[in-house]
Amino acid sequence: MAVEERSAEPGTDVLVRKVDSHLTAVRAGLAGPELELAERLAHVLRELVASTARASAADRGRVRAAVHFFVLRRESRGRLLSVRSLAAAQRVVNRVVLQLGRPDLLVDTRRDRATREAAPVSDDPADDLADAEVAAR
């Protein structure tokens, strides 16, 4: 009997399916910037799941918690996901992204991007970290 080797750890497929099915459900009730934010959060969560498949249990646990926070709509009403829930999920995902040392995956809103693009550029890495911490709040 041939055994198929899997490249991902057990559980990663489940997390990605949870993110994908939640995003599919959310697409029915959201539009515009809220939908864009939900799609960016889903993209980052998929990337985190894949990149931490062979990481420590603590890192995988952080990602799993962020996925569950995104998927479980505690503040929702019916099928619609409230903006507040997406903002809370954004803060949680950004916190996990920074804890895992992946500031390249920070999820920002259009307003955050416009502010950052208008801000003067600094060569000091400490300024970049401070900006990332502010964006995560």
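Colleague: Is V26 buried or exposed?
Modeller: The relative accessible area of V26 is 2%. Buried means under 20% relative accessible area, exposed means over 50%, and partly exposed is in between (1.4 Å probe, protein chains only). At 2%, V26 therefore counts as buried.

Colleague: This is a predicted model, so what is left out of the side-chain values?
Modeller: In this predicted model, local features need pLDDT of at least 70, side-chain atom pairs count only at pLDDT 80 or more, and totals for chains, interfaces and linings use all residues. Residues are numbered from 1 along each chain as its sequence is written, and side-chain values use heavy atoms, leaving out hydrogens and water.

Colleague: Which pattern does the protein chain follow along the sequence?
Modeller: Helices (H or I, at least four residues) and strands (E, at least two) are DSSP runs, numbered from the N terminus. The protein chain has 6 helices and 0 strands. Read along the sequence, the pattern is α-α-α-α-α-α.

Colleague: How far is V26 from A38, C-alpha to C-alpha?
Modeller: V26 belongs to helix α1. Along the chain, V26 and A38 are 12 residues apart. Their C-alpha atoms are separated by 7.8 Å.

Colleague: Are α1 and α2 roughly parallel or roughly antiparallel to each other?
Modeller: The axes of α1 (residues 12-27) and α2 (residues 32-51) come within 10 Å and cross at roughly 175°. Axes are lines fitted to C-alpha atoms, for helices over the stretch in contact, and angles run from 0 to 180 degrees between N-to-C directions. Angles under 35 degrees count as roughly parallel, over 145 as roughly antiparallel, 65 to 115 as roughly perpendicular, and the rest as oblique. The two helices are therefore roughly antiparallel.

Colleague: How many nonpolar residues are in the contact of α1 with α2?
Modeller: Contact means heavy atoms within 4.5 Å. Residues of α1 including L15, V19 and D20 meet residues of α2, among them L35, A42 and R46. Ala, Val, Leu, Ile, Met, Phe, Trp, Tyr, Cys and Pro count as nonpolar, Asp, Glu, Lys and Arg as charged, and the others, Gly among them, as polar. The contact has 4 charged residues and 1 polar residue, and the nonpolar residues number 10.

Colleague: How far apart in space are S21 and V71, C-alpha to C-alpha?
Modeller: S21 is in helix α1 and is partly exposed, at a relative accessible area of 44%. In sequence, S21 and V71 are 50 residues apart. In space, C-alpha to C-alpha, the separation is 8.8 Å.
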